[in-house]
Amino acid sequence: MRLTPKMFQTLLGREEQCKGTKEIPGLPRQVVWRNPEEFDEKSGTPLGIQTGGKMANPVPSACCVVLAAVVMVYAQRHSQLDTHVQYERLGADVTMQCGPMDWDAAVTWTANGTDIDESHLNGSRLVLRNVDLTHSGQYACYEGSSWHLKYQTYLKVGTSPKEPVLMCRSNNYPKGFYCSWHLPSPTYIPNAFNITIMHGPRELICEKDAFPKNRCHIRYLQLFSTVKYKVTLTVTNALGRNATTITFDEFAIVKPDPPENVVAKPVSNNPRRLEVRWQNPSSWPDPESFPLKFFLRYRPLILDQWQHVELSDGTSHTITDAYAGKEYIIQVAAKDNDIGTWSDWSVAVHATPWTEEPKHLTTEAQVAETTTTGTSSFVPPPTTKICDLEAVVGSGAVTVSWAEGLVLAAVGVLFI
Amino acid sequence: MMASAEQSPVPLQHRNVCSRVILLARKIRSDVASLLESYVERQGLDRTISLDSVDGVPAAAMEQGGELTVAERLGANLQAYRAFQVLLGEVLEEQRSHLTPLDTDFHASIQSVLLQVAALAYQLEELLALLGHGRPVWEAAGPEDPARRSLFEMKLRGLKVLQELAHWTVRSVRDLRQVAKHSQGSGTAHGGQAQKE
């Protein structure tokens with residue numbers, strides 16, 4: 001129990017000196033110590049602490065320590081009042097009674113250790129109107145003069161549960177199925193869930209999963225049954241209860257997990273092919289008896305339209321119509337051959353078809369370069385004119401310069 | 001020599017027959033799924049209606065974990081499809097005589113499924129013989145006096161027949177895969193000739 005400031009002041013008894021034992025109503029005979037904030041006018045030091053000059057009387061100081069200890073023990077004893085937990089609806093008006101106190105008794109209420117303004121009191125009762133989540137907390141009521149703790153409660157504001165959302169699915173057929181649930185909106189107070197599974201007249205056991213908490217799994221006791229399963233989930237809290245029931249056929253809830261380890265690779269020397277491989281989901285227990293079929297979708301990143309391929313067996317496929325050089329995104333889904341629904345899409349993988357390495361350009365100039373000794377790749381200096389045949393060697397511009405030269409020479413000859 | 005070169009190894013023959021039966025079972029399942037949609041629509045029934053009161057239809061349900069021998073698996077399937085032959089015949093007759101006398105397309109759909117079921121039963125008999133198992137004795141139950149059945153009971157019974165048949169086809173596909181796997185593992189057929197290459 002926390003000592004509120006008012007209690008502290010009262011215990012101190014401002015006007016009293018720590019002269020020895022002092023009797024305070026409601027408390028055993030004990031010593032009261034002074035508020036250290038009070039100053040001795042003479043020494044200028046807090047009355048409880050005196051340094052230098054006149055020494056503090058050790059006997060009263062010891063009494064103060066003993067008193068403090070006794071007060072704390074007493075307070076703790078009183079705080080062992082039963083702490084109630086009180087659940088109230090959001091928006092409700094809440095009235096708290098101060099234990100056995102009369103209506104007209106003088107009391108002080110606190111919320112989380114902070115005094116509550118008297119305007120919220122109706123006699124000794126605390127009235128909270130239109131409570132919201134911020135009103136949740138610990139409330140305590142103390143008798144006016146004695147500061148006896150008379151009542152304490154923990155107020156939790158919340159709502160009754162709405163209809164829960166329940167789903168069941170078999171991702172490991174024919175072993176069993178699981179059901180999972182959640183509330184569409186929080187209640188802010190603890191909820192308890194109870195699930196029952198009926199298969200005809202037979203009730204099945206739903207074993208709770210350690211994680212997540214809102215899931216349990218059921219083993220199939222029969223296969224291929226036309227008798228439907230009926231699952232009822234009830235959620236209860238201190239403010240109410242709600243329930244939902246779903247009914248389904250054994251086959252209808254079969255939905256495998258997505259394929260695993262999807263890998264897509266280019267095919268050497270094939271600019272339009274991509275080889276895709278994957279594995280059955282590890283949760284599917286018997287692919288020999290219940291083989292899966294697959295649905296593959298792929299598209300280049302630059303386009304939105306998917307292409308689809310359904311594959312009745314095997315765990316690989318070669319895409320043969322990929323756009324050369326374009327990066328593709330590929331996903332795979334799985335479904336039992338005969339029953340249930342398609343899995344979610346697998347994790348997407350990216351791949352780009354094989355492309356040819358760019359070849360080195362081969363020109364006459366390069367050939368000339370390799371046959372002329374003492375020359376190497378030559379970059380003409382900025383001042384060199386393109387048509388300067390003597391300066392430009394090993395450049396494609398040489399061919400043009402020679403042609404120009406011949407034309408000029410021919411024209412010159414004609415004019416001459 | 002020529003005969004041995006052309007003869008399929010026995011296990012391969014088993015697997016081929018199993019594959020054919022699986023294909024036929026899946027075809028039946030697909031057709032029955034469509035037929036069920038038509039049936040509930042024409043009879044004005046809700047698919048979720050309780051059919052617990054309907055007797056005399058072989059249930060596909062089997063206890064999980066119970067291992068059956070090849071002969072037991074095939075025998076159970078064969079018995080079921082023989083029963084469905086009879087039941088579908090009765091359903092067809094009730095539709096023609098009482099429930100949907102003018103809906104010849106609907107009758108043709110039922111007839112088509114009936115023929116496929118008959119073919120499947122025949123294939124199962126052949127497979128049993130191929131595997132060296134005897135055919136289970138079939139004793140058809142005496143026909144129930146249709147006059148004892150109300151129109152509503154006829155409708156429910158027809159729905160039950162189709163629902164159980166659909167589930168049997170799924171079971172059959174699984175059973176046939178088990179038989180094929182067993183055949184692959186056993187190498188030689190029971191009482192069959194040794195494989196010749």
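Strands here are DSSP runs marked E of at least two residues, numbered from the N terminus. With that in hand, here are some close-ups of a predicted model.

**View 1. A:Thr159, in a loop of chain A.** Look between β10 (149–158) and β11 (165–169) of chain A, and you'll find A:Thr159 in the loop there. A:Thr159 has 22% relative accessibility, so it counts as partly exposed. Now pick out A:Gly240: along the chain it is 81 residues apart from A:Thr159, yet 8.1 Å separates their C-alpha atoms.

**View 2. Cis peptide bonds in chain A.** Going from A:Tyr173 to A:Pro174, the peptide bond is cis, and its omega is near 10°. A:Pro174 sits in the loop between β11 and β12 (176–182) of chain A. Another cis bond runs from A:Phe211 to A:Pro212, this time with omega near -5°. To find A:Pro212, check the loop between β15 (207–208) and β16 (215–219) of chain A.

**View 3. Positive phi at A:Tyr188 and A:Asn261.** A:Tyr188 isn't a glycine, but its phi is positive, near 70°. The residue lies in the loop between β12 and β13 (192–199) of chain A, and because its relative accessibility is 48%, A:Tyr188 counts as partly exposed. A:Asn261, also not a glycine, has a positive phi near 50°. Here the setting is a strand, β20 (residues 260–267) of chain A. With 51% relative accessibility, A:Asn261 counts as exposed, since the cut-off for exposed is over 50%.

**View 4. Two helices packing in chain B.** Chain B has 5 helices and 1 strand, and from the N terminus its elements go α-α-β-α-α-α. Of its 197 residues, 44% count as buried. Zoom in on α3 (residues 70–99) and α4 (residues 104–130) of chain B: their axes are 9 Å apart and the packing angle is about 160°. Angles over 145 degrees count as roughly antiparallel, so that's what α3(B) and α4(B) are to each other. The contact of α3(B) with α4(B) has 19 nonpolar, 7 polar and 3 charged residues.

**View 5. The second largest pocket.** This pocket holds about 370 Å³ of space. It is lined by 16 residues, and those nearest its centre are A:Asp249, B:Arg29, B:Leu36, B:Arg47 and B:His167. Helices α2 (10–43) and α5 (151–186) of chain B each give at least two residues to the lining, with α2(B) providing the largest share, 4 residues. Sorted by class, the lining has 5 nonpolar, 6 polar and 5 charged residues.

How values were computed
Residues are numbered from 1 along each chain as its sequence is written. Chains are lettered from A and ligands numbered from 1 in the order in which they are written. This is a predicted model: local features need pLDDT of at least 70, side-chain atom pairs count only at pLDDT 80 or more; totals for chains, interfaces and linings use all residues. Side-chain values use heavy atoms; hydrogens and water are left out. Axes are lines fitted to C-alpha atoms, for helices over the stretch in contact, and angles run from 0 to 180 degrees between N-to-C directions. Angles under 35 degrees count as roughly parallel, over 145 as roughly antiparallel, 65 to 115 as roughly perpendicular and the rest as oblique. Ala, Val, Leu, Ile, Met, Phe, Trp, Tyr, Cys and Pro count as nonpolar, Asp, Glu, Lys and Arg as charged, and the others, Gly among them, as polar. On a 1 Å grid over the protein atoms alone, a cavity is a set of points where a 1.4 Å probe fits but cannot get out, and a pocket is an open set with protein on both sides within 12 Å along at least five of seven lines; lining residues have an atom within 4 Å of a point. Grid points are joined across faces, edges and corners, and a volume is the space filled by probe spheres set on the points. Buried means under 20% relative accessible area, exposed over 50%, partly exposed in between (1.4 Å probe, protein chains only).
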